[in-house]
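Good morning, and thank you for joining. I would ask you to keep the sequence and the structure in view while I speak.

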Amino acid sequence: MLRFVLRRLLWAVPMVLIVTFLVYVALRVGTNPLASYLRVNQRASAKKIQQYIETNGLYEGFGGYLRGYFQWLQGFVTFDWPRSIKGSREVWPEFRDAMMNTLRLGLTATGIGILIGLSLGVFVALKPGGLRDTTVNTGAFVAISTPPYVSALILQLVFAVYWNRWFGSSLLPTSGVYPPGNRGFDLFLMIKHMVLPVTVVVIQIVAVYTRYMRASLLEVLNSEYMRTARSKGISERRVLVRHALRNALIPIVTVAAIDIGAILGGLIITERIFSYPGLGDFFLGAYDNGDFPQMMPWMFFFTLVVIFFNLVADVSYAVLDPRIRLGR
Amino acid sequence: MTENVLSLRDFRVTFPTLFGDVQAVRGVDLDVRAGEILGVVGESGSGKSVTFLGVMGLLPKSARISGSATVGDTELVGASSRIMREVRGRRVAMIFQDPLSALNPTHRIGDQIVEMIQAHNKVSTKAAMSRAIELLAEVGIPQPAERARQYPHEFSGGMRQRVMIAMAIANDPEVLIADEPTTALDVTVQAQILEILQRIQSELNAAVVLITHDLGVVARVADRVQGMYAGRVVERGSVESVYDHPSHPYTRGLLQSLPTVGRERLQPIPGAPPNMMDPPSGCAFRVRCPHAIERCADEMPSLLPVGDVESACWRADELSKVVGA
Amino acid sequence: MAFRRFVRHRGALVSSIILGTMILFVILAPFTARYGVNEAVFKTSIENPNQFLSPRGIAWLGTDDIGRDLYSRLIYGLRVSIFIGLAAAFFGTVLGVTIGAIAGLRGGWIDDVLMRVTDLFLAFPFLVTLLVLRSVMSSVSWLEPFVGKPTSIRFVIVLFVLFGWMGVARLMRGQVLALKEREFVEAARALGAGPVRIVVRHLLPNAIGPILVALTFAVSSAIIGEATLGFFGYGPQPGAGSTSLGKLVGGAKGALLPGYWWLVVFPCVLLVLSTLCVNFIGDGLRDATDPKLDGTR
């Protein structure tokens, strides 16, 4: 087992390097860091420009890209990150704050969403074919076909704009973490600001996981070993929990780990609409400015996350399902 | 020897569907005596498996079951789930056709047997596990202690079926229902499994119901045989009498479709089993029967003694006199 | 069981009717739309403005910030979006089938690399991938003659094709691997059929079901993709004579706070309805073509 995990981990290292190099090339070509710098800082002196090129390693040609990449990587791991092109700010503190905000939003929404989704999936799988099944299934389908910004717009329209018209004050705030001018930590205000964005993300997650759970559990419930379990004379509850749920959750754990990218994608969109200062907002802001020094750490971080969770998916499947051989 | 451990009277199973009711089992009478092996034979779709799944309460909730099924003096039709739980695995145990899909792929073999033991006995997991290992040894699994820690996919088909048997006999059941236990296995393995079943049966003195479409299997191990067609019993009696003097045209046809040394050609039964949504009137077999008469369409024959056997055919008397099979 | 299949198919059936009606409306835009795409509902004056009119007789779904009829603009917008969806899905599927077939037939390192790359591509948040791809495509100057300007419809279609082939490629590869060893393919090979002939004549017809399903879902994801890009201001700007769902949904942002609900609700509803219909049809197709689902239970 340990050897299997270690080998996968070892494989992940070149994967990270290759993928992030490709990302580096894509960003170098796509954002054209020098042109972006000149566009944002139109009165930069020749010396400043030269300094910018050197700290960022913006060399040309394939060899130059390779050299620049490793220079960037060295700076990245030693926390010697180049400054942003707009306002020449430190990238790490902003990135860290954004990451914390995103983690707060993402973990809350994912936790709530998976819990509701799995429960709903079990709820309908136990009685398939009826009105309950049709309703939940159709609802999940509508939710999957609804992009997060659409549900966000509708929620904002109802709970902020029209609530204000009907009742004199809006029920929930539509942007930020705190109201403008607020100083210090305030749990209640923070939660209030999180309600709408969390709802938007939760809707997406619930829809997806309800369908996963329903399909997975139905397959298990129709399998022959469920009949064997019942023929033993154990309680129906034990049959469901020990035999059905346990087996139905195995593929879902794996899917959940792979799905992390989709969840992050939903978060990015949601953050932008609610002006929530998280990683999504950070990325889109950097993208609009063509801010290479801000985007590269972001992309590197996300590559790590994606590859890590792919690894988690592989390993968790091998751990949870004894049928998988560990030889590969 | 004549004590009945499992009795069915007018046992019926109906599946409601969108297009109408499927009458899978239409009034089966059956007695299983203590310590015997009863073979239940029939084509697929004849209702033989459904009958016993219905007795065990293992059919989908939509199935409608009526009539009577008693184990000892416990009535199972309409019984509470508490009573059913006491019967299942304790008094009546079941072995299924495909031992790979019948075992939970994510639980260890030993744990699956332990679960069976602990469902009916208040014993420690440790004690149950040592009992499980004993059981594995009893059904001829080498190195049972190591094998108990393995998963079903690490076992061969025959070994898995042995596990199923070990699990089924864990609580000394009165009746062991084996639903096509050898169909999914190789011929050589089939023989081993049948041998084990026979041995277990004589050691435990349990009754065994052997559901199969293979008349050869029945001839080898069963004491009595019961033929089913279209959800009804068509003939029953001791294996020797039925095989020597089949009195029902269906049983006769089945025997003629068996390969035997010295016979030139196999004679399959023409036609296919009827649609159970709308079974033919009278005797369901008459549409495929070479001996059918008008009466067969009007009246459904019931089981009547003919010589040593009981047969549900209006012409059983004449047919049993003709030496044909 | 049969009831569920029935309901499911009923969903696909209703969706086909709704989508069919939409497509008819869109094709017949000059007749079904009441105003031109950029035409104001009437000439404005101080006492009688035509901006931000709520739904009424002269403008069934209200008007926008410069007095244009939302109903007519939705028809023209949907036309562009459906066109983008169909074109992107079609070309993406063709590309995916080709690459998948090559990977499946050739195997080896091509296969490994392809599957690893698609794994990661699909695992990334799709907006990020789209945006990075978009910036690369718009920066490479020699690509412009082929893909057009970043604001053109052609550019968006190429973008979605580059983004959308991967799912189909994995699917096709799986199908090829599964079918490759089957007797009829072996027989064809034994008779001396070349790889292209085997794929076109033998593998493709057998894999057509899942590919059709994937194509359907590709249509809806391209429509949503365009809307997403449009919403965030990265979408196509289909010139003066046209609009798209993405632009219309993006316009909802500005209408939110003043409370012009019709500019928010109607574009959103149309977007969700059209993608929902396409998804339902895909689901129905999957049920219809998946032999595993035959006689569930």
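I begin with helix α10 of chain C: 10 of its 12 residues are buried, so the helix is largely enclosed by the rest of the structure. Please bear in mind throughout that this is a predicted model. The buried positions of α10(C) are C:Leu245, C:Gly246, C:Lys247, C:Leu248, C:Val249, C:Gly250, C:Gly251, C:Ala252, C:Ala255 and C:Leu256. Against which elements do the buried residues of α10(C) pack? They pack against α7 (148–167) of chain A, and within chain C against α3 (70–106), α9 and α11. The geometry of the helix can be checked as well. At 1.5 Å a residue, the 12 residues of α10(C) should span 16 Å, and the end C-alpha atoms are 17 Å apart, which agrees.

That brings me to the interface of chains C and A. Here 37 residues of chain C are in contact with 39 residues of chain A. On the chain C side, at least two residues each are supplied by α1 (2–27), α4, α5 (126–139), α9 (195–231), α10 (245–256) and α11 (261–289). The most come from α11(C), with 9 residues. By class, the side of chain C that touches chain A divides into 28 nonpolar, 6 polar and 3 charged residues.

Helix α4 of chain C, one of those contributors, spans residues 108–123 and contains C:Leu114. Is C:Leu114 buried or exposed? The cut-off for a buried residue is 20 or more other C-beta atoms within 10 Å. C:Leu114 has 20 C-beta neighbours inside 10 Å and therefore counts as buried. Leaving aside residues up to four places away in sequence, C:Leu114 touches C:Ile99, C:Ala103 and C:Ala169. For C:Val156, the separation from C:Leu114 is 42 residues in sequence and 24 Å in space, C-alpha to C-alpha.

Let me turn to the contact between chains A and B. It takes 20 residues from chain A and 23 residues from chain B. On the chain A side, the elements that give two or more residues are α9 (224–231) and α10 (236–258) of chain A. The largest share, 7 residues, comes from α9(A). How do the residues of the side of chain A that touches chain B divide? There are 5 nonpolar, 7 polar and 8 charged residues.

The chain is divided into domain 1 (2–77) and domain 2 (92–320). The C-alpha centres of these two domains of chain A lie 32 Å apart. Their contact takes 19 residues from domain 1 of chain A and 17 residues from domain 2 of chain A. On the domain 1 side, α1 (2–31), α2 (33–40) and α4 (61–77) of chain A each supply at least two residues. Of these, α1(A) gives the most, with 12 residues. The side of domain 1 that touches domain 2 in chain A has 13 nonpolar, 5 polar and 1 charged residues.

In soluble globular proteins, nonpolar side chains tend to be buried together. In this model the largest nonpolar core has 259 residues, and those with the most contacts inside it are B:Val175 and B:Val209. Helix α8 (residues 187–221) of chain A gives the largest share of this core, 17 residues. Both domain 1 and domain 2 of chain A give residues to the core, so it lies between them.

What does B:Val175 touch, not counting residues up to four places away in sequence? Its contacts are B:Val5, B:Leu6, B:Val32, B:Val71, B:Arg91, B:Val92, B:Ala206, B:Ala207 and B:Val209.

Several strands of chain B complete the survey. Strand β7 (residues 175–179) of chain B pairs with β6(B) in the parallel sense over 4 bridges. Within this pairing, B:Ile95 has B:Ala178 as its bridge partner. Strand β6 (residues 92–95) of chain B is covered on both faces, with B:Val92 and B:Met94 buried on one side and B:Ala93 and B:Ile95 buried on the other.

Chain B also has an open sheet of 4 strands in the order β2-β1-β4-β5, with antiparallel pairing. Because β2 (20–33) and β5 (74–75) of chain B stand at the edges with a single partner strand each, one side of each is left without a neighbour in the sheet. Strand β4 (residues 64–71) of chain B is joined to β5(B) by 2 bridges, and B:Val71 stands opposite B:Thr74 in β5(B).

Key. Residues are numbered from 1 along each chain as its sequence is written. Chains are lettered from A and ligands numbered from 1 in the order in which they are written. This is a predicted model: local features need pLDDT of at least 70, side-chain atom pairs count only at pLDDT 80 or more; totals for chains, interfaces and linings use all residues. Two residues are in contact if their C-beta atoms, placed from the backbone, lie within 7 Å. Ala, Val, Leu, Ile, Met, Phe, Trp, Tyr, Cys and Pro count as nonpolar, Asp, Glu, Lys and Arg as charged, and the others, Gly among them, as polar. A nonpolar core is a set of buried Ala, Val, Leu, Ile, Met, Phe, Trp, Tyr and Cys residues joined through C-beta atoms within 7 Å. Domain bounds come from an automatic or database domain assignment. Two strands pair if DSSP finds at least two bridges between them. The expected span of a helix is 1.5 Å times one less than its number of residues.
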